[in-house]
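Morning, everyone. Let me put the chain on the screen and walk through a few parts of the fold.

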Amino acid sequence: MTDSGDGGDPGAQVVAHFRDAPPAHLGVAVSGGSDSVALLRMLADWAPGAGVSLHVVTVDHGLRPESADEARAVAALAAQLGAAHDTLHWRGWDGTGNVQDAARQARYRLIRDWALARGIGQVALGHTGDDQAETVLMALARGAGVDGMAAMPVRRDLDGVTLVRPMLGLRRAALRRWLEARGQDWADDPGNEDPRYDRIKARRALEALAPLGVDAQALARVAGNMAEARAALRAATAEAARDCAAVEAAELRITASALEQLPSEIARRLLIHALHSVGAAPHAPRRDAIARLRDAIAQGRRSTLAGCLIAVREGAVHIGREPSAVAGLCAAPGDIWDRRWRVEPSPDADNKDIAGTQVAALGEAGLAQCPDPDAWRKTGLAREAILAAPAVWRGDTLLAAPVAGWANGWRAVPVLDTRSFAAGLLPD
């Protein structure tokens, strides 16, 4: 990590993350604080010569009266630098729960959707080495394992958009000096001094721990060591997935005896990845929840977790979608539904009129409308899997249920397959 006084060029370190393969379009998330403003200025110095078009995005959470003015200041800076700018608004907090976590999740979701809508494959974030150290310390307080202690990765795929953190090796103090030398101001969020927040407590704890050598550099090394361990565990889990897991009709099947013989940590990771791949839960289930699930599997009991239905049949652990979890979930024909399926007219279909149609779960109402309500039995899938499968509707009228055996000119193409499931476990 570059400290505040080594004289290195922080801008060169930032653009090095993109120099080998410059993207045509690069998103930059800028709040108006010193870290993200420095990130924008550094990338703006480099982008024109590299043929990169910068697109700046600011998320206004609406939690402080100053946030709108800060978003406008970022827009003005972006215009000065010749970059496009958009402000996204979040008004989703109901006043309960952890506001910082809710705002963070909303920010990532909004940025992902913004990037996908504009064809932007990478978005740079302004997290620094100080943020990384605070994250490690908070993970330690939670008793986190390898993943938690690895903290924030430099790159992370977020459902088709790559988030890049090119400043994890830089200190905030160095960035502020860099900005001051250029006469560039920034906004200070008063929340960064509020001791009610865990991150601010961690920041102050780091100041107290510095005499023991527990500082940003030391914690960055810890995060790096844990990231290497995480990569090794992910590779081992991917190998296990290739050996004992398969996907059929967007349902995951793991050989029960092989799962039982895996090292406990590998089995835990395999199950978590399975639940995320099928159920798309935003957070991994806690260790005690996975432990209960493994007990249920060992005893052959059905269970539900993270939007999934788990059952043991014919020597395999079947992990499918829980029907109630997809009730009301809709998509347009041709779009991905529930991250698992794409439903579209068959290439050889005579009638390709999709006006007024939508893709939604078959459910009990749809199954009752199928011309042959028992046709699904020939698919080899469990009834719950059929109920949670996609179907084509026009209003309340069922037009097709391709997974349930009534294609009627439509096809359902699984997005989740065996290869993509195992590949999702490989280190970045």
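Start with Ala306, which sits in the loop between β9 (303-305) and β10 (308-313). A word first: this is a predicted model. Ala306 is not a glycine, yet its phi is positive, about 55 degrees. Most residues other than glycine have a negative phi. Is Ala306 buried, exposed or partly exposed? Ala306 is partly exposed, with a relative accessible area of 25%.

Now the other alanine. Ala250 also has a positive phi, near 60 degrees, and is a residue other than glycine. Its place is the loop between β7 (245-248) and β8 (251-255). The relative accessibility of Ala250 is 1%, so Ala250 counts as buried. The cut-off for buried is under 20%.

Four bridges join β5 to β6, residues 161-164. The two strands run antiparallel. Within this pair, Leu158 stands opposite Val161 in β6.

Next, helix packing. Take α5, residues 129-141, with α9. Their axes come within 8 Å and cross at roughly 70 degrees. Angles of 65 to 115 degrees count as roughly perpendicular. So α5 and α9 are roughly perpendicular to each other. The crossing is left-handed. From α5, the contact uses Gly129, Gln132, Ala133, Val136 and Leu137. From α9, the contact uses Ala216, Leu219, Val222 and Ala223. By class, that contact has seven nonpolar residues, two polar and no charged.

Helix α5 also packs on α8, residues 198-209. Here the angle is about 100 degrees, with the axes 9 Å apart. That makes α5 roughly perpendicular to α8. On the α5 side we have Asp131, Ala133, Glu134, Thr135, Leu137 and Met138. On the α8 side we have Asp198, Arg199, Ala202, Arg203, Ala205, Leu206 and Leu209. How many residues of this contact are charged? Five are charged, with seven nonpolar and one polar. Ala133 and Leu137 of α5 contribute to the contact with α9 and to the contact with α8.

Last pair: α9, residues 216-244, and α11, residues 264-279. The axes come within 9 Å and cross at roughly 75 degrees. So α9 is roughly perpendicular to α11. From α9, the contact takes Leu233, Arg234, Ala236, Thr237, Ala240, Ala241 and Cys244. From α11, it takes Glu265, Ile266, Arg269 and Leu270. The classes here are seven nonpolar, one polar and three charged.

Over to you for questions.

How values were computed: Residues are numbered from 1 along each chain as its sequence is written. This is a predicted model: local features need pLDDT of at least 70, side-chain atom pairs count only at pLDDT 80 or more; totals for chains, interfaces and linings use all residues. Side-chain values use heavy atoms; hydrogens and water are left out. Two strands pair if DSSP finds at least two bridges between them. Axes are lines fitted to C-alpha atoms, for helices over the stretch in contact, and angles run from 0 to 180 degrees between N-to-C directions. Angles under 35 degrees count as roughly parallel, over 145 as roughly antiparallel, 65 to 115 as roughly perpendicular and the rest as oblique. Contact means heavy atoms within 4.5 Å. Ala, Val, Leu, Ile, Met, Phe, Trp, Tyr, Cys and Pro count as nonpolar, Asp, Glu, Lys and Arg as charged, and the others, Gly among them, as polar. Buried means under 20% relative accessible area, exposed over 50%, partly exposed in between (1.4 Å probe, protein chains only). A crossing is left-handed if the near helix is turned anticlockwise from the far one by less than a right angle, and right-handed if clockwise.
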